[in-house]
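Subject: Structure handover

Dear colleague,

Here is the structure you were expecting, with notes on what was found in it. Please look through the model first and then read on.

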Amino acid sequence: MQPNDIPKFTAMIAGIGELYGKVISEALTDIYWQALKRFELCDVQRAFQVHIDNPDCGQFFPKPADVVRFIEGSGETKALHAWAKVEKAISHIGSYQSIAFDDPLIHAALDDMGGWIKLCSTTIDEMPFRANEFQKRYMGFVNKPPERHPKYLCGITERDNGKDGYAIKPPLLIGDPEKAEQVMLSGGSTDLQIKQLSKPIHKLLDQLPIATENTA
């Protein structure tokens with residue numbers, strides 16, 4: 001949201017407070033604004049409405065975390081979506097190419113698991129266990145974001161040739177290319193230095209299919 005959305009946001013919070021018989025102070029409104037301003041106003045409005053209409057929790061005044069959960073999904077849902085991206089990249093790219101996802105938590109989780117090359121060597125029988133490990137690590141980072149994450153995930157070609165002066169392709173960007181480049185720029189650690197900026201953008205698999213939960 002932008003500062004010019006504040007009047008609409010304030011009116012929305014006041015109206016929701018009236019619905020639940022709760023007086024909304026200026027201080028409380030500011031708390032909700034700080035927690036939710038990173039989202040679009042229409043998404044926040046939709047999330048509040050979903051909460052109000054929910055028969056399981058709609059009788060309670062929504063906290064900021066309730067709104068965020070309806071917008072972004074639970075930690076478990078996000079972990080499932082993230083693993084769907086990883087699994088797709090394993091099958092379509094493999095271990096030779098260095099890659100960068102559009103989610104720093106994916107980098108952090110895979111780094112903890114031994115890196116991209118090791119994950120790609122997982123057998124079919126072992127993959128369900130690795131998927132479970134990834135989801136647990138990812139959900140842990142959702143609750144407590146990592147202080148550092150790799151700029152990107154190094155592939156075999158760069159690992160074996162990067163220090164010998166060979167021309168190495170920049171990492172392929174998985175998902176939203178702009179977000180993936182931001183992940184690379186904000187990363188705090190990597191085994192090898194980036195030899196060249198990833199330009200032009202290598203947008204891989206325009207839209208990776210994401211697994212969806214049955215919310216019925």
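Is Ile-52 buried, partly exposed or exposed? Ile-52 is partly exposed, because its relative accessible area is 24%, where buried means under 20%, exposed over 50% and partly exposed in between (1.4 Å probe, protein chains only). Before the rest, two notes on the basis of these values. This is a predicted model, in which local features need pLDDT of at least 70 and side-chain atom pairs count only at pLDDT 80 or more, while totals for chains, interfaces and linings use all residues. Residues are numbered from 1 along each chain as its sequence is written, and side-chain values use heavy atoms, with hydrogens and water left out.

Ile-52 lies in helix 3, residues 41-53. Helices (H or I, at least four residues) and strands (E, at least two) are DSSP runs, numbered from the N terminus. Apart from neighbours within four places in sequence, Ile-52 is in contact with Ile-16, Leu-19, Tyr-20 and Gly-58; contact means heavy atoms within 4.5 Å. Of these partners, Leu-19 is 33 residues from Ile-52 in sequence, with 9.5 Å between the two C-alpha atoms.

Overall composition

The protein has ten helices and three strands, in the order α-α-α-α-α-β-α-α-α-α-β-α-β along the sequence. Of its 216 residues, 41% are buried. Contacts between residues at least 6 apart in sequence join residues at least 24 apart in 76% of cases. The accessible surface is about 12,700 Å², and carbon and sulfur atoms account for 52% of that; the areas come from the Shrake-Rupley method with a 1.4 Å probe.

Nonpolar cores

In soluble globular proteins, nonpolar side chains tend to be buried together. A nonpolar core here is a set of buried Ala, Val, Leu, Ile, Met, Phe, Trp, Tyr and Cys residues joined through side-chain atoms within 4.5 Å. The largest one has 25 residues, and Val-86, Phe-101, Leu-110, Trp-116 and Phe-134 have the most contacts inside it. Elements that give it two or more residues include helix 5 (75-92), strand 1 (99-101), helix 6 (104-112) and helix 8 (127-143). Helix 5 gives the most, with six residues. Phe-134 is in contact with Ala-79, Ala-82, Trp-83, Val-86, Ile-106, Ala-109, Leu-110 and Met-113, leaving aside neighbours within four places in sequence. A second, separate core has 17 residues, among them Ile-16, Val-44, Phe-61 and Val-68.

Helix packing

Axes are lines fitted to C-alpha atoms, for helices over the stretch in contact, and angles run from 0 to 180 degrees between N-to-C directions. The axes of helix 5 and helix 8 come within 9 Å and cross at roughly 130°. Helix 5 is therefore oblique to helix 8, since angles under 35 degrees count as roughly parallel, over 145 as roughly antiparallel, 65 to 115 as roughly perpendicular and the rest as oblique. Residues that meet here include Trp-83 and Val-86 in helix 5 and Phe-134 and Tyr-138 in helix 8.

Gly-75, also in helix 5, is partly exposed at a relative accessible area of 23%. Gly-75 touches Met-139 and Val-142, not counting residues up to four places away in sequence. Gly-75 and Met-139 are 64 residues apart in sequence but 5.4 Å apart in space, C-alpha to C-alpha.

Helix 2 (residues 26-36) and helix 4 (residues 64-72) pack at about 30°, with their axes 10 Å apart, and are therefore roughly parallel. Tyr-32, Ala-35 and Leu-36 of helix 2 make the contact with Pro-64, Val-67 and Val-68 of helix 4.

Regards
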